[in-house]
Amino acid sequence: MSAIRFEPTKQYYATTTLVVGYALCSSLLAVINKFAITKFNYPGLLTALQYITSALGVWGWGKFGFLHHDPFKLDIANKFLPAAVVFYLAIFTNTNLLRHANVDTFIVFRSLTPLLVALADTIFRREPCPSKLTFMSLLIILGGAVGYVATDSAFTLTAYSWAFAYLATITTEMVYIKHMVMNLGLNTWGFVLYNNLLSLMMAPIFWVLTGEYNEVFAALVANGGNWFEPVAFTAVSLSCLFGLLISFFGFAARKAVSATAFTVTGVVNKFLTVMINVLIWDKHATPIGLVCLLFTLSGGVLYQQSVTRPPPHDSTESKQTGDVSDNDDHEDNQDKKMPGKHASI
């Protein structure tokens, strides 16, 4: 009897570990990325380091048999390239947004993505109009976002230019990649590997176009060729590590729990991010701005409730796993796009 009891207990702790790991990584990632870009003010180089970490992590885990990923092939890479370009732009604008704005501004614009995705699906993909509950939740999100922008004392044209650029690219990424890349037949880890390898290949182009390489060389000369600064090294290392960990915990937790449980975890993560951001430093919104932010997140909760389908009573475990992927595409695509979620937007 003791052997029979052991397996469910072991499974319970394994599932709990995955969910807690995902919650910690997801809620801390935006704050850690803000910390990293504050201490290491080179967004192109920072994201390149994150791409290397994620690509090597997937390759290494595959070598040791912890996961299976599709092999890298040039013909598939050519077909995947447009999606990788959109992905790179989403990460690039994301990092620059965190460079010029606080985490709360990032969360507000991230929360606006369901509204634009719903509009894009209806206009371009001829999908049915959102239900009344979904439409009401989207209006709540929009109202909270407008209120936040109107009361943002730290408003700058540069920060909000990056914010709108991020919103445009991440919306394009959600609509385009979901329905184009999946036709290539890549598995989840193959998707992560192709995204990060191709993005890494594009990084030097953006270093030249943005002139960031000049800033890096100037900093090296000013520091006498000394690359190592303990605080910056720690910040960048944490950003790369958490980006890689969220790839693992995000995909593993999605398979381990139901769609509803995973959705609730994703919503809670946003509130945890706001709370952590307020507690650890002063780089956050005003009290009125925080109220508007919570209003936006509440609209997000209502939106998730309106689009999450309850699983059929006679569904098998394999069907439930499929439903999890379908229901949580909007939530996890963004997580996968923060530099490590490559599965870290």
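## Helix H3 against helix H8

The axes of H3 (residues 74-100) and H8 come within 8 Å and cross at roughly 60°; axes are lines fitted to C-alpha atoms, for helices over the stretch in contact, with angles from 0 to 180 degrees between N-to-C directions.

Contact means heavy atoms within 4.5 Å.

## Basis of the model

The model is predicted, with local features requiring pLDDT of at least 70 and side-chain atom pairs pLDDT 80 or more, while totals for chains, interfaces and linings use all residues. Residues are numbered from 1 along each chain as its sequence is written, and side-chain values use heavy atoms, without hydrogens and water.

## Overall composition

The chain contains 14 helices and zero strands; helices (H or I, at least four residues) and strands (E, at least two) are DSSP runs, numbered from the N terminus. Of its 345 residues, 50% count as buried, meaning under 20% relative accessible area, with exposed over 50% and partly exposed in between (1.4 Å probe, protein chains only).

## Helix H2 against helix H8

H8 (residues 188-210) also pairs with H2 (residues 43-63): their axes come within 9 Å and cross at roughly 150°. H2 is therefore roughly antiparallel to H8. This crossing is left-handed. Among the H2 residues that meet H8 are Ala48, Tyr51, Ala55 and Trp61, and their counterparts in H8 include Trp189, Asn196, Leu200 and Trp207.

## Nonpolar cores

A nonpolar core is a set of buried Ala, Val, Leu, Ile, Met, Phe, Trp, Tyr and Cys residues joined through side-chain atoms within 4.5 Å. The largest has 46 residues, and Phe40, Phe106, Ile107, Phe109, Leu112, Tyr148 and Leu293 have the most contacts inside it. Helix H7 (residues 157-180) supplies the largest share of this core, eight residues. A second, separate core of 17 residues includes Ala48, Leu186, Tyr194 and Phe206.

The buried residues of H5 (residues 113-124) are Thr113, Pro114, Leu115, Val117, Ala118, Ala120 and Asp121. Arg126, which follows H5, has a positive phi near 60°. In H6 (residues 132-151), the buried residues include Thr134, Ser137, Gly144 and Tyr148.

Notes:
The expected span of a helix is 1.5 Å times one less than its number of residues. Angles under 35 degrees count as roughly parallel, over 145 as roughly antiparallel, 65 to 115 as roughly perpendicular and the rest as oblique. A crossing is left-handed if the near helix is turned anticlockwise from the far one by less than a right angle, and right-handed if clockwise.
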